[in-house]
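Open the model in your viewer and keep the sequence panel beside it. Each stop below says what to select and what is there.

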Amino acid sequence: MEHFTSSRANAKHRPMVEWITSEGLTDYRAAEAWMEARAEAIAAGEADECIWLVEHPPLYTAGTSAKPADLTDPDRFRVFATKRGGQYTYHGPGQRVAYVMLDVAARGRDVRCFVRDLEAWVIATLDQFGVKGEIRDGRVGVWVARPDQPAAPDGSPAEDKIAAIGIRLRKWVSFHGISINVEPDLSHFDGIVPCGITDHGVTSLVDLDLPVTMDDLDLALRHSFDLVMGAPAQLCDSKADS
(Lines give C-alpha, C1' and ligand atoms only; values in the text may rest on other atoms or scores of the structure.)
Protein backbone atom coordinates (compact mmCIF):
# COMPACT_ATOMS: atom_id res chain seq x y z
CA MET A 1 0.00 0.00 0.00
CA GLU A 2 1.80 3.09 -1.24
CA HIS A 3 1.10 6.81 -1.59
CA PHE A 4 -1.37 7.35 1.22
CA THR A 5 -2.04 9.87 3.91
CA SER A 6 -3.17 8.93 7.39
CA SER A 7 -4.91 10.79 10.19
CA ARG A 8 -6.41 9.77 13.49
CA ALA A 9 -9.60 11.02 15.10
CA ASN A 10 -10.71 10.46 18.64
CA ALA A 11 -14.00 11.36 20.32
CA LYS A 12 -15.59 10.65 23.65
CA HIS A 13 -17.45 7.33 23.88
CA ARG A 14 -15.79 5.69 20.87
CA PRO A 15 -12.48 4.04 20.05
CA MET A 16 -9.68 5.69 18.13
CA VAL A 17 -10.30 5.60 14.36
CA GLU A 18 -7.47 5.91 11.87
CA TRP A 19 -8.30 7.40 8.47
CA ILE A 20 -6.15 6.42 5.50
CA THR A 21 -6.49 7.88 2.02
CA SER A 22 -4.63 6.15 -0.81
CA GLU A 23 -3.68 8.04 -3.95
CA GLY A 24 -3.94 6.52 -7.41
CA LEU A 25 -5.58 3.16 -8.08
CA THR A 26 -5.31 0.35 -5.52
CA ASP A 27 -5.02 -3.30 -6.56
CA TYR A 28 -8.10 -5.18 -5.37
CA ARG A 29 -6.44 -8.34 -4.04
CA ALA A 30 -3.82 -6.28 -2.24
CA ALA A 31 -6.64 -4.28 -0.64
CA GLU A 32 -8.38 -7.45 0.50
CA ALA A 33 -5.20 -8.81 2.07
CA TRP A 34 -4.50 -5.53 3.85
CA MET A 35 -8.06 -5.30 5.19
CA GLU A 36 -8.01 -8.84 6.51
CA ALA A 37 -4.70 -8.28 8.27
CA ARG A 38 -5.93 -5.03 9.81
CA ALA A 39 -9.20 -6.64 10.93
CA GLU A 40 -7.23 -9.41 12.66
CA ALA A 41 -5.04 -6.84 14.39
CA ILE A 42 -8.09 -4.88 15.57
CA ALA A 43 -9.72 -8.05 16.92
CA ALA A 44 -6.49 -8.84 18.78
CA GLY A 45 -6.36 -5.37 20.29
CA GLU A 46 -3.18 -4.58 18.39
CA ALA A 47 -4.49 -1.80 16.10
CA ASP A 48 -7.02 1.02 16.02
CA GLU A 49 -10.21 0.93 14.02
CA CYS A 50 -9.69 2.16 10.47
CA ILE A 51 -11.47 3.81 7.55
CA TRP A 52 -9.52 3.36 4.31
CA LEU A 53 -10.47 5.49 1.29
CA VAL A 54 -9.40 4.11 -2.10
CA GLU A 55 -10.14 4.00 -5.81
CA HIS A 56 -9.73 0.81 -7.84
CA PRO A 57 -9.02 0.17 -11.50
CA PRO A 58 -12.16 -0.95 -13.40
CA LEU A 59 -13.30 -4.35 -12.09
CA TYR A 60 -16.29 -6.38 -11.01
CA THR A 61 -16.65 -8.13 -7.66
CA ALA A 62 -18.94 -11.05 -6.90
CA GLY A 63 -20.40 -11.29 -3.42
CA THR A 64 -21.61 -14.45 -1.74
CA SER A 65 -25.08 -14.12 -3.34
CA ALA A 66 -23.88 -13.39 -6.88
CA LYS A 67 -25.72 -15.19 -9.68
CA PRO A 68 -23.67 -16.17 -12.76
CA ALA A 69 -26.38 -14.89 -15.10
CA ASP A 70 -25.93 -11.37 -13.67
CA LEU A 71 -22.41 -11.17 -15.11
CA THR A 72 -23.56 -10.15 -18.59
CA ASP A 73 -20.14 -9.24 -20.03
CA PRO A 74 -17.59 -11.50 -18.29
CA ASP A 75 -14.70 -10.47 -20.55
CA ARG A 76 -15.07 -6.73 -20.05
CA PHE A 77 -13.10 -6.32 -16.81
CA ARG A 78 -11.42 -8.60 -14.30
CA VAL A 79 -13.88 -10.34 -12.00
CA PHE A 80 -12.98 -10.99 -8.37
CA ALA A 81 -14.83 -13.49 -6.21
CA THR A 82 -15.14 -12.13 -2.70
CA LYS A 83 -16.68 -13.31 0.55
CA ARG A 84 -18.47 -10.05 1.33
CA GLY A 85 -22.25 -10.06 1.33
CA GLY A 86 -24.22 -9.08 -1.75
CA GLN A 87 -24.10 -9.78 -5.47
CA TYR A 88 -22.16 -8.23 -8.37
CA THR A 89 -20.69 -4.75 -7.93
CA TYR A 90 -18.54 -2.51 -10.09
CA HIS A 91 -15.54 -0.57 -8.79
CA GLY A 92 -13.48 1.87 -10.82
CA PRO A 93 -11.95 5.32 -11.15
CA GLY A 94 -14.24 8.12 -10.03
CA GLN A 95 -15.89 5.96 -7.39
CA ARG A 96 -14.91 6.38 -3.75
CA VAL A 97 -14.61 3.10 -1.91
CA ALA A 98 -14.56 3.43 1.88
CA TYR A 99 -13.38 0.26 3.56
CA VAL A 100 -14.61 0.07 7.14
CA MET A 101 -12.58 -1.90 9.64
CA LEU A 102 -14.62 -1.27 12.76
CA ASP A 103 -15.18 -3.14 16.02
CA VAL A 104 -18.83 -4.15 15.81
CA ALA A 105 -18.60 -5.78 19.25
CA ALA A 106 -17.76 -2.39 20.75
CA ARG A 107 -20.64 -0.91 18.75
CA GLY A 108 -23.38 -3.13 20.18
CA ARG A 109 -22.92 -6.57 18.52
CA ASP A 110 -25.94 -5.86 16.32
CA VAL A 111 -25.11 -6.42 12.65
CA ARG A 112 -28.40 -5.02 11.35
CA CYS A 113 -27.94 -1.93 13.48
CA PHE A 114 -24.41 -1.56 12.17
CA VAL A 115 -25.53 -1.81 8.53
CA ARG A 116 -28.26 0.77 9.19
CA ASP A 117 -25.61 3.03 10.65
CA LEU A 118 -23.52 2.66 7.49
CA GLU A 119 -26.59 3.53 5.41
CA ALA A 120 -27.23 6.56 7.62
CA TRP A 121 -23.59 7.59 7.17
CA VAL A 122 -23.97 7.55 3.37
CA ILE A 123 -27.29 9.39 3.50
CA ALA A 124 -25.88 12.09 5.80
CA THR A 125 -22.89 12.46 3.48
CA LEU A 126 -25.07 12.91 0.40
CA ASP A 127 -27.24 15.40 2.27
CA GLN A 128 -24.27 17.76 2.47
CA PHE A 129 -24.54 18.12 -1.32
CA GLY A 130 -28.31 18.55 -1.33
CA VAL A 131 -28.91 14.95 -2.46
CA LYS A 132 -31.67 13.00 -0.75
CA GLY A 133 -30.46 9.45 -0.40
CA GLU A 134 -33.00 6.78 0.53
CA ILE A 135 -33.08 3.07 1.32
CA ARG A 136 -35.63 0.60 0.01
CA ASP A 137 -36.86 -2.70 1.45
CA GLY A 138 -35.56 -5.56 -0.65
CA ARG A 139 -33.02 -3.39 -2.48
CA VAL A 140 -29.56 -2.93 -1.09
CA GLY A 141 -27.65 0.31 -1.31
CA VAL A 142 -28.67 3.96 -1.27
CA TRP A 143 -31.02 5.33 -3.91
CA VAL A 144 -32.06 8.70 -5.30
CA ALA A 145 -35.42 9.48 -6.91
CA ARG A 146 -35.25 10.55 -10.56
CA PRO A 147 -38.55 12.31 -11.31
CA ASP A 148 -36.98 13.63 -14.52
CA GLN A 149 -36.61 10.06 -15.86
CA PRO A 150 -39.22 7.64 -17.30
CA ALA A 151 -40.85 5.20 -14.89
CA ALA A 152 -39.17 1.85 -14.25
CA PRO A 153 -40.27 -1.18 -16.31
CA ASP A 154 -42.38 -2.38 -13.39
CA GLY A 155 -44.23 0.95 -13.38
CA SER A 156 -42.64 2.29 -10.20
CA PRO A 157 -41.08 5.78 -10.11
CA ALA A 158 -37.58 6.02 -11.55
CA GLU A 159 -34.78 5.63 -9.01
CA ASP A 160 -31.05 5.17 -9.45
CA LYS A 161 -28.48 3.68 -7.12
CA ILE A 162 -25.74 6.05 -6.05
CA ALA A 163 -24.04 3.97 -3.35
CA ALA A 164 -23.48 0.29 -2.60
CA ILE A 165 -22.90 -1.42 0.75
CA GLY A 166 -21.38 -4.82 1.38
CA ILE A 167 -19.51 -5.98 4.48
CA ARG A 168 -18.05 -9.04 6.09
CA LEU A 169 -17.36 -9.68 9.77
CA ARG A 170 -14.56 -11.70 11.33
CA LYS A 171 -14.31 -11.92 15.11
CA TRP A 172 -16.83 -9.05 15.25
CA VAL A 173 -14.61 -6.74 13.19
CA SER A 174 -15.99 -5.51 9.87
CA PHE A 175 -14.20 -5.16 6.57
CA HIS A 176 -15.17 -4.33 2.98
CA GLY A 177 -17.63 -1.42 3.20
CA ILE A 178 -19.31 1.20 1.02
CA SER A 179 -18.84 2.74 -2.41
CA ILE A 180 -20.22 6.10 -3.58
CA ASN A 181 -20.30 7.15 -7.22
CA VAL A 182 -18.67 10.54 -7.66
CA GLU A 183 -17.80 10.53 -11.37
CA PRO A 184 -17.25 6.98 -12.62
CA ASP A 185 -17.93 5.93 -16.21
CA LEU A 186 -21.51 4.74 -15.70
CA SER A 187 -21.37 2.64 -18.86
CA HIS A 188 -18.99 0.33 -16.98
CA PHE A 189 -21.95 -0.90 -14.96
CA ASP A 190 -23.44 -2.37 -18.16
CA GLY A 191 -21.39 -5.56 -17.85
CA ILE A 192 -23.31 -6.69 -14.75
CA VAL A 193 -26.75 -6.55 -13.22
CA PRO A 194 -25.73 -4.36 -10.27
CA CYS A 195 -26.75 -6.12 -7.07
CA GLY A 196 -29.20 -8.22 -9.08
CA ILE A 197 -31.59 -5.29 -9.70
CA THR A 198 -32.87 -4.88 -13.26
CA ASP A 199 -35.65 -2.29 -12.93
CA HIS A 200 -33.48 0.62 -11.81
CA GLY A 201 -30.21 2.14 -12.92
CA VAL A 202 -27.16 3.80 -11.44
CA THR A 203 -26.17 7.43 -11.09
CA SER A 204 -23.38 9.57 -9.66
CA LEU A 205 -23.00 12.98 -8.07
CA VAL A 206 -21.69 14.42 -11.33
CA ASP A 207 -24.48 12.70 -13.29
CA LEU A 208 -26.87 14.62 -11.01
CA ASP A 209 -25.18 17.84 -12.23
CA LEU A 210 -23.25 18.36 -9.01
CA PRO A 211 -19.59 19.36 -9.56
CA VAL A 212 -18.37 17.36 -6.56
CA THR A 213 -14.73 16.30 -6.38
CA MET A 214 -13.31 13.29 -4.59
CA ASP A 215 -11.76 15.62 -2.01
CA ASP A 216 -15.18 17.20 -1.43
CA LEU A 217 -16.70 13.79 -0.80
CA ASP A 218 -13.88 12.72 1.51
CA LEU A 219 -14.44 15.78 3.70
CA ALA A 220 -18.17 15.09 3.80
CA LEU A 221 -17.59 11.42 4.69
CA ARG A 222 -15.35 12.41 7.56
CA HIS A 223 -17.81 15.01 8.90
CA SER A 224 -20.79 12.65 8.65
CA PHE A 225 -18.92 9.76 10.22
CA ASP A 226 -18.24 11.80 13.32
CA LEU A 227 -21.93 12.72 13.53
CA VAL A 228 -23.50 9.34 12.74
CA MET A 229 -20.95 6.78 13.93
CA GLY A 230 -19.37 8.79 16.74
CA ALA A 231 -21.29 7.28 19.68
CA PRO A 232 -21.79 3.56 18.98
CA ALA A 233 -23.63 2.76 22.20
CA GLN A 234 -26.17 5.50 21.58
CA LEU A 235 -26.67 4.45 17.95
CA CYS A 236 -27.45 0.88 18.92
CA ASP A 237 -29.64 1.98 21.81
CA SER A 238 -31.75 3.95 19.31
CA LYS A 239 -32.70 0.67 17.61
CA ALA A 240 -34.54 -0.47 20.72
CA ASP A 241 -36.55 2.75 20.74
CA SER A 242 -37.71 2.48 17.14
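A polar contact, as the term is used here, is a pair of N or O atoms within 3.5 Å; within protein, one of the two must be able to donate a hydrogen and the other to accept it. By that rule, a polar contact of 2.8 Å joins the side chains of Ser 22 and Trp 52. Keep in mind throughout that this is a predicted model.

**Whole chain**

Begin with everything displayed. The secondary structure of the protein chain comes to four helices and 12 strands. Of its 242 residues, 50% count as buried. Colour the surface by element: the accessible surface comes to about 11,200 Å², and carbon and sulfur atoms account for 50% of that. Among contacts between residues at least 6 apart in sequence, 65% join residues at least 24 apart.

**Stop 1: Ser 22**

Select Ser 22, which lies in strand β2, residues 17–22. Is Ser 22 buried or exposed? With a relative accessible area of 5%, Ser 22 is buried, because anything under 20% is classed that way. Show its side chain together with that of Trp 52 to see the polar contact between them, at 2.8 Å.

**Stop 2: strand β3**

Now select residues 49–54, which form strand β3. Six of the six residues of β3 are buried, so the strand is largely enclosed by the rest of the structure. Look at the two faces in turn. Glu 49, Ile 51 and Leu 53 are on one side, and Cys 50, Trp 52 and Val 54 are on the other; both faces are covered.

Which strands pair with β3? One is β2, which pairs with β3 in the parallel sense over five bridges. To see a bridge, select Ile 20, whose partner in β3 is Trp 52. Display helix α1, residues 28–43, as well: β2, α1 and β3 make a right-handed β-α-β unit.

Another partner of β3 is β7, with five bridges between the two strands, which run antiparallel. Select Leu 53 and you will find it opposite Ala 98 in β7.

**Stop 3: Arg 96**

Stay with β7, residues 95–101, and select Arg 96 within it. How accessible is Arg 96? Its relative accessible area is 4%, so Arg 96 is buried. Show the side chain of Asp 218 next: a polar contact of 2.8 Å runs between the side chains of Arg 96 and Asp 218.

Then display what else surrounds Arg 96. Leaving aside neighbours within four places in sequence, the residues in contact with Arg 96 include Leu 53, Val 54 and Glu 55. Thr 21 is also among them, as are Ile 178, Ser 179, Ile 180, Val 182, Met 214, Leu 217 and Leu 221.

**Stop 4: salt bridges**

Switch to the charged side chains. The count comes to 13 salt bridges; three of them can be visited here.

Select Glu 36 and Arg 170, which form a salt bridge with the closest N and O atoms 3.4 Å apart. Glu 36 lies in helix α1 and Arg 170 in strand β10, residues 159–170, so the pair ties together parts that are 134 residues apart in sequence. Glu 36 is partly exposed at 28% relative accessible area, and Arg 170 is partly exposed at 24%.

Next, select Glu 159 and Arg 136, whose side chains meet in a salt bridge of 2.5 Å, N to O. Glu 159 is in strand β10 and Arg 136 in strand β8, residues 134–136, so the pair ties together parts that are 23 residues apart in sequence. Glu 159 counts as buried, at 8% relative accessibility, whereas Arg 136 is partly exposed, at 26%.

Finish at Arg 146 and Asp 148. Their salt bridge has its closest N and O atoms 3.5 Å apart.

Key
Residues numbered from 1 in each chain as written. Predicted model: local features only at pLDDT ≥ 70, side-chain atom pairs only at ≥ 80, totals over all residues. Heavy atoms only, no water. Buried < 20%, exposed > 50% of the residue type's maximum accessible area, 1.4 Å probe, protein only. Contact = heavy atoms within 4.5 Å. Areas by Shrake-Rupley, 256 points an atom, 1.4 Å probe, with all protein chains shown as cover. Pairing = 2+ DSSP bridges. Right-handed = clockwise from strand over helix to strand, strands pointing away. Salt bridge = Lys/Arg side-chain N within 4 Å of Asp/Glu carboxyl O.
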